Structure formats: C-alpha cells, structure tokens
Amino acid sequence: MPILDFKQVDVFSDTPLKGNPLAVVIGADELDEARMAAFANWTNLSETTFLLRPTVAGADYRVRIYTPRGELPFAGHPTLGSCHVWLAAGGRPQGQEVVQECAAGLIRLRRDGRRLAFAAPPLLRSGTPDAGLLERVAAGLRIDRAAIRDAQWVDNGPGWLAVLLGGRAEVLALRPDMAALGDLKVGVVAPWDAARDGDAASFEVRAFVPGLGVPEDPVTGSLNAGLALWLIGSGRAPDAYVASQGTALGRAGRVHVQRLGDDIWIGGETAVCIEGRVSL
C-alpha cells in the first residue's frame, strides 16, 4: 500500500477555514482510478486532486480532479490549490507561466504576488436556456420566475447554468429545493450595492451542485470563470473586480477577476491547513 505526501488546503482565502477546502495527493502516479475515486469519496470534500507526471509536451504537471461522485475534466479551486501544492513541493515551471495538464486540456496559470490565477478556459456551451428549464430552475431555487433578471449557459466543463438576480440579499436568502434541482449545476450571481453592502466585492455568488454530492460549493473557480466571461462580455462587470462567495456557509471566499488582453484570469490565495502522509 503506497504512502504518499498529502496536503489539505483552503482556496480563495488567505485565512484557514474561510475558503474552499481541497485535498491534494502528491506523486500519485501509481494509484489507479478506482483508488483515486475511493479516496475522494472518503474525504467527502467537494474535490480531491492527484498530482501526476505530465503526459504531453509543454505541461509542467498533470492533475486528476475527483468529486465524491466522480471525475471532473476541469475545476477552478482544485486548479489553484493543486498548483500551490505543486510549487510548494518544489515544482519548477518550464516558462514564466505554469502549465497544468488535465482532462480539459492545458490550463495556464500565473503568479500574482501571493495569489495564483488561471486563464479562464473557453466555454463549451453558451447561450440562453430554454423557458421550460428556467421555470424548473426558479422552482428549484424557490423564487418567482420574474426574479431571474437574466440567465446564460456558462459551461466550461462542469456544466454550469448561471442566473442573475437583482441584489446580494436575494442571493443570500436562497434556500433551494435540492431534489428539484436534481443534476443541474446552477450558479447564482447578483451585484453588490456599495452603499448597502460595502466595497469589499462587486458581486455575490453561490453554486448549487446537489448532483455532485455537495449541495452547495463554498467557493467555485470554474463557475466564476464562466461568470466572468458572461458578465464582462455583456458589460455588466468591469475588466477587474472581486466576487464574494461562501457567505451563506460561514466562509469569506474572494475571487479576483482581471481581463488582460484576450485572457480573463481567475485568482485567489491559498492557505495550507493540513500536511502529512496518507496510506492508499
């Protein structure tokens, strides 16, 4: 039974216990898929990742990303957390940027002071959801259909459908019917009002993913990446802003979004909470 280095980190926060936890197993090349899936199910975190040797030219490392229910091709907070752990373990990128290999392809990351940021991947699906689906989403969120100001597919791998509400208080008041949402992956966003909500962020975000075995994800990089493409592209957000997520769960996640040239970067801090070794 292999004994491997292991870290549990908190992503999108510089304060432990205020972001989104991630389990990272280092040097996991000898583990098979069944063992990876079993460990991810055992940790019961929204995601567990496994750092591996790259298999394609140009990649610095490879990562496999598992939820308690199965594998994801890409996810945001596992990308930032895994890169943080890889660098801390002595990883040295081939160029100025770090290049991560995952099932969705090659993901570029850059260092921005204490933060890491990944380039938002292109959307696999965009456009407006049909009326029947939006009625189902409204029922699942337990809100009137008229409360949804706009909606858009922002799927960059996990399958996100995003809805825009009128304000932060509406987002925080949501008490969804998870059974009604079923296998949908619904992201909800609304702008902050500076006079009422303060200026620590520009948007409030929540992510509901009952089909993945985690009813609400604390802080979600992939969703925020998709939202950024939509919000900046439609003129609802400036080229640089901060999104707040996790408030309803007692967290204080902060996602830093910035457009530089043709790229939109999604960044945040990572704090290490647990270090040790794991027998698998």
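This is a predicted model: local features need pLDDT of at least 70, side-chain atom pairs count only at pLDDT 80 or more; totals for chains, interfaces and linings use all residues.
## Nonpolar cores

The largest nonpolar core has 50 residues. Y241 and I266 touch the most other members of this core. Helix α7, residues 221–233, gives the most to the core, with seven residues. Domain 1 (3–121 + 268–279) and domain 2 (125–261) both give residues to this core, so it lies between them.

Another core lies apart from the largest one. This other core has 19 residues, including L134, V171, A190 and F208.

Strand β11 spans residues 185–191. Is β11 mostly covered or mostly open? Five of its seven residues are buried, so the strand is mostly covered.

β11 pairs with two strands described here. With β10, residues 160–164, the pairing is parallel and has five bridges. L164 stands opposite V189 of β11. With β12, residues 203–209, the pairing is antiparallel and has six bridges. There, G187 has A207 of β12 as its bridge partner.

## Helix α1

Helix α1 covers residues 33–43, and its buried residues are M36, F39, A40 and T43. Where do the buried residues of α1 sit around the axis? They fall within an arc of 100 degrees as seen down the axis, so they line one face of the helix. The face turned away from the buried side carries A34 and W42, both exposed.

N44 follows α1 and has a positive phi, near 60 degrees.

## L181 in helix α5

L181 belongs to helix α5, residues 178–181. L181 is buried, with a relative accessible area of 0%. Which residues does L181 touch, beyond four places in sequence? They are R136, V137, G140, L141, P176, V186, F208 and P210. F208 is also one of the residues in the 19-residue core.

Sequence and space give two separations for L181 and D199. They are 18 residues apart in sequence. In space, they are 32 Å apart, C-alpha to C-alpha.

## Cysteines

How many disulfides does the structure hold? The count is zero. A disulfide needs two cysteine sulfur atoms within 2.5 Å. The cysteine sulfur closest to that of C83 is in C102, 12 Å away, which is too far for a bond. C83 counts as buried because its relative accessibility is 0%, and the cut-off is under 20%.

C273 is in no disulfide either. The nearest cysteine sulfur to C273 is that of C83, at 18 Å. C273 counts as partly exposed because its relative accessibility is 36%, between the cut-offs of 20% and 50%.

Methods. Residues are numbered from 1 along each chain as its sequence is written. Side-chain values use heavy atoms; hydrogens and water are left out. A nonpolar core is a set of buried Ala, Val, Leu, Ile, Met, Phe, Trp, Tyr and Cys residues joined through side-chain atoms within 4.5 Å. Buried means under 20% relative accessible area, exposed over 50%, partly exposed in between (1.4 Å probe, protein chains only). Helices (H or I, at least four residues) and strands (E, at least two) are DSSP runs, numbered from the N terminus. Domain bounds come from an automatic or database domain assignment. Two strands pair if DSSP finds at least two bridges between them. The arc is that of the directions from the helix axis to the C-beta atoms. Contact means heavy atoms within 4.5 Å.
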